[in-house]
Amino acid sequence: MTDQTSGSLLRLANPAVFNRLADRVIGPFAVLTLLLFAWGLYGAFFVAPPDYQQGETIRIMFIHVPAAWMAMFVYAGMSASALGTLIWRHPMADVALKCAAPLGAGFTLLCLVTGSLWGKPMWGTWWEWDARMTSVLVMFLIYIGVIALQQAIEEPNRAARAVAILTLVGAVNLPIIKFSVDWWSTLHQPASVFRIDGPTIHGSMLGPLFIMGIAFLMLYITLLMLAMRAEVMNRRAERLELLAAEAE
Amino acid sequence: MAGQYVGFIAGSYAAAILVLGAMIVGAVLSYRGAKARLARAEALRDAEKSGR
Amino acid sequence: MSAFSAVLKRDLRLARRAGAGASLGLMFFLVLIAIVPFAIGADQRLISRLAPALLWIAALLATLLGLDRLFQSDEEDGALDQFLLSGASLTLLVLAKALAHWLVTGLPLSLAAPVLGLMLAIEPQAMLPLALSLLVGTPALTLIGLVGAALTVSLNRGGLLLSLLVVPTAIPTLIFGVAVAKAAAEGRDFAMPLTVLCGTTLFALAISPIAAALALRQARG
């Protein structure tokens with residue numbers, strides 16, 4: 001990390017600086033998200049051709065795949081925040097981790113639901129214990145664990161550090177779980193099952209898929225900013241309420 | 001070909017609207033709630049200050 | 001090292017006093033196995049096929065059972081503060097507690113598994129590999145559970161939450177543990193899954209005590 005980026009990250013540790021930045025960018029980001037979604041959806045429905053093998057159901061991919069990307073991306077970001085909490089005690093890192101977890105769980109849930117809706121016409125069942133779906137399900141459970149631990153511990157500092165440790169333990173274990181689930185599924189996979197990653201992704205699908213991915217990313221960043229802004233205000237309000245209670 | 005899968009495609013996009021919509025509404029509501037709570041707390045503090 | 005053996009002896013003594021610690025876990029294991037035919041029917045062939053999976057799931061549940069009290073009782077009676085004040089390595093002390101926990105849960109389960117395997121009509125040639133897989137794999141379950149126990153130490157009703165945190169992380173152990181027994185039952189070579197199972201245990205041994213010690217220290221502020 002260069003001095004400059006670490007310097008600006010350090011400046012963000014001041015909630016007032018974060019607030020100013022967030023207030024300035026949330027509006028434009030929301031508009032940008034909306035435009036990207038409009039562009040991406042237009043591409044998904046009118047530009048991308050139906051797949052020669054999967055037909056029109058390929059339209060589901062434009063939600064399913066970006067949601068899967070976000071499920072992983074959000075967890076990676078949470079792990080970075082966890083390091084920030086534990087090593088540098090960066091006060092905003094803990095806020096970011098807390099606010100990112102429900103959003104990540106949402107994307108993971110969406111990935112599971114659309115995967116199931118795609119699996120029914122393609123595989124003939126709502127749920128196939130295929131390696132990818134199973135890994136995403138485990139990831140969803142880990143998200144739920146992080147959120148549940150966060151809510152269970154009342155003291156904010158203690159909760160922040162416990163959640164950070166759990167997040168890192170999950171991050172270390174996710175590749176191992178992924179590997180073992182892949183290995184396990186090669187034992188059980190019936191050969192006739194159609195693979196969702198498919199033999200080819202046609203070039204004209206990649207463009208809209210990419211735009212949908214960026215749209216999901218922008219939506220995430222906007223919502224994260226909004227949620228962090230709310231969390232900062234909540235903490236300040238909590239302090240003021242505490243002071244008022246002590247003064248009485 | 002297209003007709004028989006319309007339900008699944010519509011279902012997927014409905015799920016997306018539901019899940020992403022819930023995330024958006026949740027974020028906006030919590031933002032508003034936090035803003036109102038902070039305003040209340042600040043007003044209370046200011047009232048106490050001027051009262052003393 | 002003396003702190004290590006002191007904690008180990010103390011925990012084993014506590015387990016013995018609390019109503020025959022080792023045998024209680026074993027009885028839970030037996031009860032779980034005993035209800036299996038009622039749930040899936042008395043079809044000998046079906047039970048035989050499911051036996052490795054059932055024994056492994058029962059081992060996982062039996063391991064989870066006492067975990068939520070692992071550090072909580074120490075926190076309540078002040079022993080945890082004593083540890084922290086004593087200046088001894090917290091990681092080593094956590095490891096001693098894990099060893100004590102495994103000696104009263106994982107080890108007896110592994111030794112009893114062949115007998116219970118008989119009741120579940122497991123293939124004779126799979127009996128020893130199954131016991132071996134439990135012997136090698138249950139330490140990983142205890143070690144993984146250790147982190148969950150440390151994270152939920154300050155919670156009054158942490159048991160359910162603990163299971164939610166621990167079980168996903170235990171998936172690799174479960175996969176490779178069952179794979180050993182299944183391969184043996186089908187007469188295939190089980191060296192590869194057994195090696196990987198050893199690997200998951202060693203990995204848990206390297207990571208978990210450090211993570212658990214960190215979590216305990218954070219929990220005390």
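Of the 2 pairs of chains in contact, which chains share the most contacts? In this predicted model, that pair is chains A and B.

## Arrangement of the chains

There are 2 pairs of chains in contact, and chain A takes part in an interface with chain B as well as in an interface with chain C. Chain B and chain C, by contrast, do not touch, and their nearest C-alpha atoms lie 23 Å apart.

## The interface of chain B with chain A

On the chain B side, 28 residues are in contact with 40 residues of chain A. The area buried between these two chains is about 2,900 Å², and carbon and sulfur atoms give 78% of that area. Three residues, Phe8(B), Tyr13(B) and Arg37(B), supply 23% of the area that chain B buries against chain A, which is more than any other three residues supply.

The count of salt bridges between chain B and chain A is 3. One salt bridge joins the side chains of Glu42(B) and Arg236(A), with an N to O distance of 3.5 Å. The count of residue pairs in polar contact between chain B and chain A is likewise given as 3, with both residues of each pair at pLDDT 80 or more. Sorted by class, the side of chain B that touches chain A has 19 nonpolar, 3 polar and 6 charged residues.

## The interface of chain C with chain A

The contact between chain C and chain A takes 26 residues from chain C and 27 residues from chain A. Between them, these chains bury about 2,200 Å², of which 81% is on carbon and sulfur atoms.

The side of chain C that touches chain A draws at least two residues from each of α8 (127–151), α9 (159–169), α10 (171–185) and α11 (191–219) of chain C. Among these helices, α11(C) provides the largest share of that side, namely 9 residues. By class, the side of chain C that touches chain A has 20 nonpolar, 5 polar and 1 charged residues.

Conventions
Residues are numbered from 1 along each chain as its sequence is written. Chains are lettered from A and ligands numbered from 1 in the order in which they are written. This is a predicted model: local features need pLDDT of at least 70, side-chain atom pairs count only at pLDDT 80 or more; totals for chains, interfaces and linings use all residues. Side-chain values use heavy atoms; hydrogens and water are left out. Contact means heavy atoms within 4.5 Å. Buried area is the accessible area (1.4 Å probe) that two parts lose on being put together, summed over both. A salt bridge is a side-chain nitrogen of Lys or Arg within 4 Å of a carboxyl oxygen of Asp or Glu. A polar contact is a pair of N or O atoms within 3.5 Å; within protein, one must be able to donate a hydrogen and the other to accept it, and residues adjacent in sequence count only if both atoms are side-chain atoms. Ala, Val, Leu, Ile, Met, Phe, Trp, Tyr, Cys and Pro count as nonpolar, Asp, Glu, Lys and Arg as charged, and the others, Gly among them, as polar. Helices (H or I, at least four residues) and strands (E, at least two) are DSSP runs, numbered from the N terminus.
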